[in-house]
Amino acid sequence: MFASERQTRIVEMIRQYGRVHVDMLAQELGVSAMTIRRDLVKLEEENKIERCHGGAVAKQEENYADKQISHHNEKRKLARICASFVSEGDTVFLDAGTTTYEIARMIKDIKGILIVTNDLEIAQLLKNSEAELFICGGIVQKSTGSMFGRYATQMLADFKFDTGFFGAASINEDFEVTTPTSEKMWLKRNTPMQCQRSYLVVDQSKFGRQAMTKINDLGDYTGIVTDKDFSEEELKRLDKMNAALINKVGGW
């Protein structure tokens with residue numbers, strides 16, 4: 001196995017398991033621990049993983065600028081679908097993220113809506129709009145502009161929303177939604193249950209990826225808005241978990 005092939009396999013294993021140890025990789029790939037350590041150094045330099053004591057973990061969340069560029073056209077198409085689910089006078093929750101930012105752009109002038117968000121960039125966008133704005137405070141993750149933590153979760157605990165739109169860093173092979181920032185888990189897990197209609201909005205790049213902390217399953221949302229093509233076997237599994245796909249609406 002060439003070094004490039006081995007390093008690709010290492011990245012795949014990290015995405016699958018979330019965290020791997022040097023000894024495990026060495027045994028699986030049939031090379032020395034020293035070789036694995038050199039591979040991990042190179043992969044970290046390429047910004048593909050993060051090293052930790054004894055091994056490596058999946059790369060933590062991308063910064064906002066990188067997310068905004070990534071799959072931008074797909075995000076705008078998904079946002080257009082989501083905007084059609086919002087009516088005059090609705091109370092809407094927008095999770096932090098660049099896809100929900102695109103949703104905010106498309107719904108900000110709908111008459112009489114109240115938007116609640118834990119995203120500083122979305123709040124900045126909405127401050128001069130017609131929408132009423134409520135910012136959920138808490139710890140600020142400066143690289144992404146999102147707010148999370150115990151205070152943010154408590155602040156939202158008594159809210160009820162007509163519609164909520166949520167993003168995800170990764171969705172694994174079992175269709176579990178996961179996050180590399182464990183402190184975000186409670187807010188992302190609880191808030192969909194406070195919405196009459198909750199939508200997970202994710203482009204295809206988020207599938208087949210594993211992060212450290214599970215949030216919930218695809219079946220825990222009213223609908224999954226995505227551009228991903230699913231196999232027949234995957235569709236059967238999604239049906240069993242009551243995951244409703246809103247997929248390629250409008251024939252794109």
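**Exercise 1. Describe the surroundings of Asp90.**

Asp90 is buried, with a relative accessible area of 10%, where buried means under 20% relative accessible area, exposed over 50% and partly exposed in between, for a 1.4 Å probe and protein chains only. The structure is a predicted model, in which local features need pLDDT of at least 70 and side-chain atom pairs count only at pLDDT 80 or more, while totals for chains, interfaces and linings use all residues. Residues are numbered from 1 along each chain as its sequence is written, and side-chain values use heavy atoms, with hydrogens and water left out.

The side chain of Asp90 reaches the backbone nitrogen of Ser87 at 2.9 Å. Finally, with contact meaning heavy atoms within 4.5 Å, and with neighbours within four places in sequence set aside, Asp90 is in contact with Phe85, Gly112, Ile113, Leu114, Asp162, Thr163 and Arg197.

**Exercise 2. Work out the strand order of the seven-stranded sheet, and identify the strands at its edges.**

The sheet is open and parallel, and its strands follow the order β6-β5-β4-β9-β12-β14-β15; two strands are taken to pair if DSSP finds at least two bridges between them. At the edges stand β6 (132-135) and β15 (245-247), each with a single partner strand, so one side of each is left without a neighbour in the sheet. Neighbouring strands of this sheet are turned by 20 degrees against each other on average, direction ignored.

Within the sheet, β4 (residues 91-94) pairs with β9 (residues 161-166) in the parallel sense over three bridges, and Leu94 stands opposite Phe165 in β9.

**Exercise 3. Locate helices α5 and α6 on this sheet, and characterise their packing.**

Helix α5 (residues 72-83) lies across β9, β12 (195-202), β14 (223-226) and β15, and runs at about 145 degrees to β14; axes are lines fitted to C-alpha atoms, for helices over the stretch in contact, and angles run from 0 to 180 degrees between N-to-C directions. Helix α6 (residues 98-107) lies across β4, β5 (114-117), β9 and β12, at about 150 degrees to β4.

The two helices pack at an angle of about 50 degrees, with their axes 8 Å apart. That makes α5 oblique to α6, since angles under 35 degrees count as roughly parallel, over 145 as roughly antiparallel, 65 to 115 as roughly perpendicular and the rest as oblique. Among the residues that meet are His72, Lys75 and Arg76 in α5, and Thr98, Thr99 and Glu102 in α6.

**Exercise 4. Determine whether Thr100 is buried or exposed, and list its contacts.**

Thr100 lies in helix α6 and is buried, with a relative accessible area of 2%. A polar atom of the Thr100 side chain lies 2.9 Å from the backbone oxygen of Gly97. Not counting residues up to four places away in sequence, Thr100 touches Leu94, Asp95, Ile122, Phe165 and Phe166.

**Exercise 5. Describe the sheet formed by β10, β11 and β13.**

This open sheet of three strands has the order β10-β11-β13, with antiparallel pairing. Its edge strands are β10 (170-171) and β13 (213-217), each of which pairs on one side only. Two bridges join β10 to β11 (residues 176-179), and the bridge partner of Ile171 in β11 is Val177.

Notes:
Helix = DSSP H or I, 4+ residues; strand = E, 2+ residues; numbered from the N terminus. Polar contact = N/O pair within 3.5 Å; in protein donor to acceptor, adjacent residues only side chain to side chain.
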